Structures are given as C-alpha cells and as structure tokens.
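Here are some notes on the model you sent over.

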Amino acid sequence: MTVTEEIRARLTAAFAPAELEIVDESERHRGHAGYREGGESHFRVTLRAPAFAAMGRVERHRAVHAALGADLVGRIHALALDIGA
C-alpha cells in the first residue's frame, strides 16, 4: 500500500469525510530536505468532515495526526493540512 493509500484509508476510517483530497507534492521539493526518489515524502491534504465542527484549528490538526498514527507521520517529511467541517 502506498503512503497516499494509507493516508486515505486512515482518514476515511477516522472521520468519514465529506471531502478528502490528497496530493503528493514530493516532486515539487526535489533537491530539498526530506525529498526521496519516487516521492511520497511531501503531501497536501484537504479534509472536510462534520467531526471537525466543534474543534478549533489546533485540535483538528492533533486529531488528524492521531488518526494517521506516529508510524505513518514518521514516514512523511511534510504534511500541509486544510481541515474544515
């Protein structure tokens, strides 16, 4: 399973999102810190789910990181999050 697929599976299971977009932006970071040949190091995630309605920005980010798990987050160099209800 690719990192993109793992992100999708874990976020879908945790939040049943109304919208989920995952973009691997690794190629844009070629030559920068954390870049790995083959990609899957830099991601941009847009996530909309009712579960976030009562949460503040920091709480939403913490919830996403918890859902992804330390093992997966540890394999990602950069993760840009756009989270909303």
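1. Reading from the N terminus, the elements go α-β-β-α-α-β. That comes to three helices and three strands, where helices (H or I, at least four residues) and strands (E, at least two) are DSSP runs numbered from the N terminus. Keep in mind that this is a predicted model: local features need pLDDT of at least 70, side-chain atom pairs count only at pLDDT 80 or more, and totals for chains, interfaces and linings use all residues. Residues are numbered from 1 along each chain as its sequence is written, and side-chain values use heavy atoms, with hydrogens and water left out.

2. Some overall numbers for the chain. Of its 85 residues, 34% count as buried; buried means under 20% relative accessible area, exposed over 50%, and partly exposed in between (1.4 Å probe, protein chains only). The accessible surface is about 4900 Å², with 53% of it belonging to carbon and sulfur atoms; these areas come from the Shrake-Rupley method with a 1.4 Å probe, and for residues only the protein chains shown count as cover. Among contacts (heavy atoms within 4.5 Å) between residues at least 6 apart in sequence, 61% join residues at least 24 apart.

3. Helix H1 has 13 residues and reaches 18 Å from its first C-alpha to its last, close to the 18 Å expected at 1.5 Å a residue; the expected span is 1.5 Å times one less than the number of residues. Its buried residues are Val3, Glu6, Ile7, Leu11 and Phe15. They cover an arc of only 125° around the axis, which puts them on the same side of H1; the arc is that of the directions from the helix axis to the C-beta atoms. As a reminder, an α-helix has 3.6 residues a turn, so residues three or four places apart point the same way. The cover over the buried residues of H1 includes S1, S2, H2 and H3. Ala16 follows H1, and its phi is positive, near 40°.

4. Have a look at Glu6 in helix H1. Is Glu6 buried or exposed? Glu6 counts as buried, because its relative accessibility is 11%. Not counting residues up to four places away in sequence, Glu6 touches Met1, Leu72 and Arg75.

5. Helix H2 has 12 residues and spans 17 Å from first C-alpha to last, close to the 16 Å expected at 1.5 Å a residue. Arg60, Ala63, Val64 and Leu68 are buried in H2. Seen down the axis, the buried residues of H2 fall within an arc of 130°, so they line one face of the helix. The face turned away from the buried side carries the exposed residues Arg62 and Ala66. Just after H2, Gly69 takes a positive phi of about 85°.

6. Leaving aside neighbours within four places in sequence, Arg60 is in contact with Phe52, Ala53, Met55, Ile83, Gly84 and Ala85. The C-alpha atoms of Arg60 and Ile83 are separated by 7.0 Å, with the two residues 23 apart along the chain.

7. Last, the aromatics. Rings of Phe, Tyr and Trp (its six-membered ring) pair if their centres lie within 6.5 Å; planes under 30 degrees apart count as stacked, over 60 as edge-to-face and the rest as tilted. By this rule there is one aromatic pair. The rings of Phe15 and Phe52 have their centres 4.7 Å apart and their planes at 40°, so the pair is tilted. Phe15 lies in helix H1 and Phe52 in the loop between S2 and H2, so the pair ties together parts that are 37 residues apart in sequence. Both Phe15 and Phe52 are buried.
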